[in-house]
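Please look over the protein model shown here, together with its ligands. The briefing that follows goes through the ligand surroundings, the domains and the sheet in turn.

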Amino acid sequence: MSSQALARPLTMALSKGRIFEETLPLLEAAGIRVSENPEQSRKLIIATSDPNLRLIIVRASDVPTYVEYGAADLGIAGKDVLIEHAAQHPGGLYQPIDLNIAKCRLAVAVRKGFDYSAAVHQGARLRVATKYTQAAREHFAAKGVYVDLIKLYGSMELAPLVGLADAIVDLVSTGNTLKANDLVAVEDIMPISSRLVVNRAALKTRHAQLQPLLDAFERASRK
Ligand SMILES: Nc1ncnc2c1ncn2[C@@H]1O[C@H](COP(=O)(O)OP(=O)(O)OP(=O)(O)O)[C@@H](O)[C@H]1O
Ligand SMILES: O=P(O)(O)OC[C@H]1O[C@H](OP(=O)(O)OP(=O)(O)O)[C@H](O)[C@@H]1O
């Protein structure tokens with residue numbers, strides 16, 4: 001038996017839902033099948049048809065933490081999540097590949113009828129609710145707008161409707177969530193997609209195991 005076959009499998013951290021669903025075709029393109037669906041089995045450690053790879057299922061915003069500390073060798077996370085993580089842990093992760101999955105955009109939204117351009121005139125102060133405080137801080141600082149940031153963990157769309165904030169910074173894809181809550185996007189901050197992230201130590205110590213997988217993801221993401 002080769003030393004490669006004796007090595008422990010690589011561990012890849014994924015969140016269930018859209019990232020898991022959109023990663024499956026990339027794994028399939030690499031000839032890798034997944035033994036079960038975490039939505040149904042509720043299992044948190046999932047084997048694959050490749051003895052060299054297993055998956056762990058974590059919260060989307062926890063993926064960078066598992067990978068940075070080496071509990072996972074690699075993972076997949078949205079640029080939104082990576083920006084917030086990097087604010088606390090700069091340079092902690094190697095990010096070799098934009099997988100072009102889970103695509104959406106980060107945007108500023110307000111209640112329909114709210115005069116955003118008047119509210120952000122030079123020197124004004126705006127109350128902004130968001131889960132993405134780092135990205136929001138950088139965006140408004142670049143515009144020279146003072147903001148009071150209110151950290152939320154979900155359902156941001158509610159904040160302007162109940163007077164918690166003037167504006168939100170949130171992810172937008174179809175725009176249906178904004179529309180359903182009488183909100184409008186008034187400014188795009190950046191396009192968002194998910195990236196492969198790799199533990200920096202694993203990149204060196206497990207290079208032989210990692211490289212074929214990175215190559216397969218690179219090829220699949222270009223299709
Ligand atoms: N509506 C959307 N369309 C496309 N991609 C999206 C959309 N919403 C979020 N994403 C992307 O998918 C990633 C995972 O989103 P998901 O909804 O599964 O987790 P979450 O609920 O945001 O995270 P957590 O569970 O950690 O709070 C996000 O980080 C973002 O990059
Ligand atoms: O423009 P849309 O297509 O409506 O998508 C935007 C919504 O998608 C995301 O929520 P998600 O569906 O992930 O729900 P969650 O934040 O509760 O996980 C995001 O936080 C928005 O609420």
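In the class counts used below, Ala, Val, Leu, Ile, Met, Phe, Trp, Tyr, Cys and Pro count as nonpolar, Asp, Glu, Lys and Arg as charged, and the others, Gly among them, as polar. This is a predicted model, in which local features need pLDDT of at least 70 and side-chain atom pairs count only at pLDDT 80 or more, while totals for chains, interfaces and linings use all residues. Residues are numbered from 1 along each chain as its sequence is written, and chains are lettered from A and ligands numbered from 1 in the order in which they are written.

**Around ligand 1**

- By class, the shell around ligand 1 has 7 nonpolar, 6 polar and 4 charged residues.
- Of these 17 residues, the ones that come nearest are Ala60, Ser61, Gly78, Ala102 and Ser173, where a residue is near a molecule or strand if its C-beta atom, placed from the backbone, lies within 6 Å of it.
- Two or more residues of this shell are given by each of α2 (18-29), α5 (79-88), β5 (93-111) and β9 (183-199); helices (H or I, at least four residues) and strands (E, at least two) are DSSP runs, numbered from the N terminus.
- The largest share of the shell around ligand 1, 3 residues, is the one that comes from β5.

**Around ligand 2**

- The residues around ligand 2 are Gly154, Asp170, Leu171, Val172, Ser173, Thr174, Gly175, Asn176 and Thr177, and by class they comprise 2 nonpolar, 6 polar and 1 charged residues.
- At least two residues of this shell are supplied by each of β8 (167-172) and α9 (176-180), with the largest share, 3 residues, coming from β8.

**Domains and annotation**

- The protein chain is divided into domain 1 (3-103 + 193-222) and domain 2 (104-191), with bounds that come from an automatic or database domain assignment.
- In the contact between them, 7 residues are taken from domain 1 and 7 residues from domain 2, two residues being in contact if their C-beta atoms, placed from the backbone, lie within 7 Å.
- On the side of domain 1 that touches domain 2, α5 gives the most, with 4 residues, and by class that side has 3 nonpolar, 1 polar and 3 charged residues.
- The shell around ligand 1 draws at least three residues from each of domain 1 and domain 2.
- An unreviewed UniProt entry places the feature "domain: ATP phosphoribosyltransferase catalytic" at residues 59-217; UniProt positions are given in the numbering used here, feature names are shortened, and annotations may be inferred rather than shown by experiment.

**The sheet and its helices**

- An open sheet with mixed pairing is formed by 9 strands in the order β2-β3-β1-β4-β9-β5-β8-β6-β7, where two strands pair if DSSP finds at least two bridges between them.
- Because β2 (45-47) and β7 (146-151) stand at the edges, each with a single partner strand, one side of each is left without a neighbour in the sheet.
- Strands β5 and β9 pair in the antiparallel sense over 13 bridges, and Ala107 stands opposite Asp188 in β9.
- Helix α7 (residues 133-143) packs on the sheet, touching β5, β6 (125-130), β7, β8 and β9, and its direction makes about 170° with that of β7; axes are lines fitted to C-alpha atoms, for helices over the stretch in contact, and angles run from 0 to 180 degrees between N-to-C directions.
- Helix α11 (residues 207-222) also packs on the sheet, where it touches β1 (10-14), β3 (53-57), β5 and β9, and the direction of α11 makes about 45° with that of β5.
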